[in-house]
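Please read these notes beside the sequence and the model.

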Amino acid sequence: MGINMDINELMVNEPKKAFKKMSIPLIAFAMFDAIYSLIDLAWAGGLGHNAVAAVGVATPLFVLIGTFGSTIGQGTNSLMSRFLGVDENEKANNVMMHGFLMCIIVSILLPLIEIPFLESLLIFMNFKANASLVISYLVPLLLFSFIFIFNEYFPETLQAEGETRKPTIFLIAGSILNLTLDPIFAFYFGLGIVGLSCATIISSLLPLGLFIYLYFVKKGFVPVKLSNFHFKTKFVKEIFKVTVPNFLDRSTFTVLGTYINLVLSFVGGPIAISVYSLANQIKDLMLSPSRGAARSTLSITAHLLGANKHTNLKSFYYYGIKIAIILAVISSIVLVLFHSTIISYFSPIAEFVGTWYVVSLVVICLFTPISLVSGKVLDGLGLSVFSFMGSILRVGLIIVFIYYFESTFNMYGLGVILSIALSEVIIAIIYIILLNVIFRYKIKNPNLIENVE
């Protein structure tokens, strides 16, 4: 079946070496994707404050589209990896087909459910004046949601086999094409914000086509073959054990993003939303190396679990945290040294981004890697429900802190970024305590976390 056995054996027997090998492409893609998002926002900036604000409002809703693919992929990845850890390749193949069919179902239902309620949601968010911009940008993306769902799903299934280089190349190629098409559609053709969504759709077809070729034509890895599909309720249950908590986890951030935009629309209007959107994109850029490194911990953790290498889990967890924090320290140094240059590319709103924004971003960058690694390790263990509970707590803390800062000190949006920083510190500490408890009981009782036979 063409399984990449060398990397799978490496994940079981030498997880730290596998981590290094798998992380490099993931880090490269995460960094490029963050840079791409920042440049994409800069193109929107050329269309004015309202366009930047519209993209900022639409982003949490657009991210939700890909979330379906990535979370189904993470659930599939976790179960595939457990089977591959003990050389059960046929079962891994069948698991992958379960996830594939789930993505097809979601791709059909999502536009039918979300589009009718879009305008009402924007009115609720106090974005009625520029709702037409958000709708113009978002509706085409929803109609072609299958593209983004499968572009998020396939990298996860390939990652289960230790393959991170090819999906990185595919997705970077699509992003480069997108950056090329953005100004052409938005400015040369005069389509404005609609042009940005058209460029995103067209460019995303490139990696999707490459994934389809890899799976259906070349068949170099676990192939997509309906003849290999045998429905198993237990497989669906195990995929959902990771997918549902992760989806709810990501959905909480969509809700949080909606809440933040609602608050900012009252305290500062489109300018405040634009400043936060910029700060958020810079934060994603600074965290991208840590986020990329954290992603590989899911598959390796699941391989260790499947191979019953329970005693290696704790040391691998701390190794992943160490690498992620080192990368975050480097990113924070870059941010402090070059923040003025980075922000200067967004001259219409640069004057509103002050020192406290930069300090808060550094705090976020130093503590968030702990949460990123912890969440992926929990996914690999099939205990994503704890990650979801952590996210609920994080969102609750952020909402409480935002209310306190903005209502008490009238910080005109600065309270948002400070609230996120404080919550990340608290959640990081809680995750370390939680994982230590899990590892202690896991090592003493290897049957605590159920494997799927």
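1. Rings of Phe, Tyr and Trp (its six-membered ring) count as a pair if their centres lie within 6.5 Å; planes under 30 degrees apart are stacked, over 60 edge-to-face, and the rest tilted. By this rule there are 19 aromatic pairs.

2. The model is predicted, so local features need pLDDT of at least 70 and side-chain atom pairs pLDDT 80 or more, while totals for chains, interfaces and linings use all residues. Residues are numbered from 1 along each chain as its sequence is written, and side-chain values use heavy atoms, with hydrogens and water left out.

3. Phe62 and Phe148 form an edge-to-face pair, with 5.2 Å centre to centre and 85° between the planes. Phe62 lies in helix H3 and Phe148 in helix H7 (residues 145-160), so the pair ties together parts 86 residues apart in sequence. Helices are DSSP runs (H or I, at least four residues), numbered from the N terminus.

4. Phe148 is buried at 8% relative accessibility, whereas Phe62 is partly exposed at 21%. Buried means under 20% relative accessible area, exposed over 50%, and partly exposed in between (1.4 Å probe, protein chains only).

5. One aromatic cluster is formed by Phe100, Phe150, Tyr153, Phe154, Phe170, Phe211 and Tyr215.

6. The largest pocket holds about 200 Å³ of space. A pocket is an open set of points on a 1 Å grid where a 1.4 Å probe fits, with protein on both sides within 12 Å along at least five of seven lines; lining residues have an atom within 4 Å of a point. H10 gives the largest share of the lining, four residues.

Key: Grid points are joined across faces, edges and corners, and a volume is the space filled by probe spheres set on the points. Helices (H or I, at least four residues) and strands (E, at least two) are DSSP runs, numbered from the N terminus.
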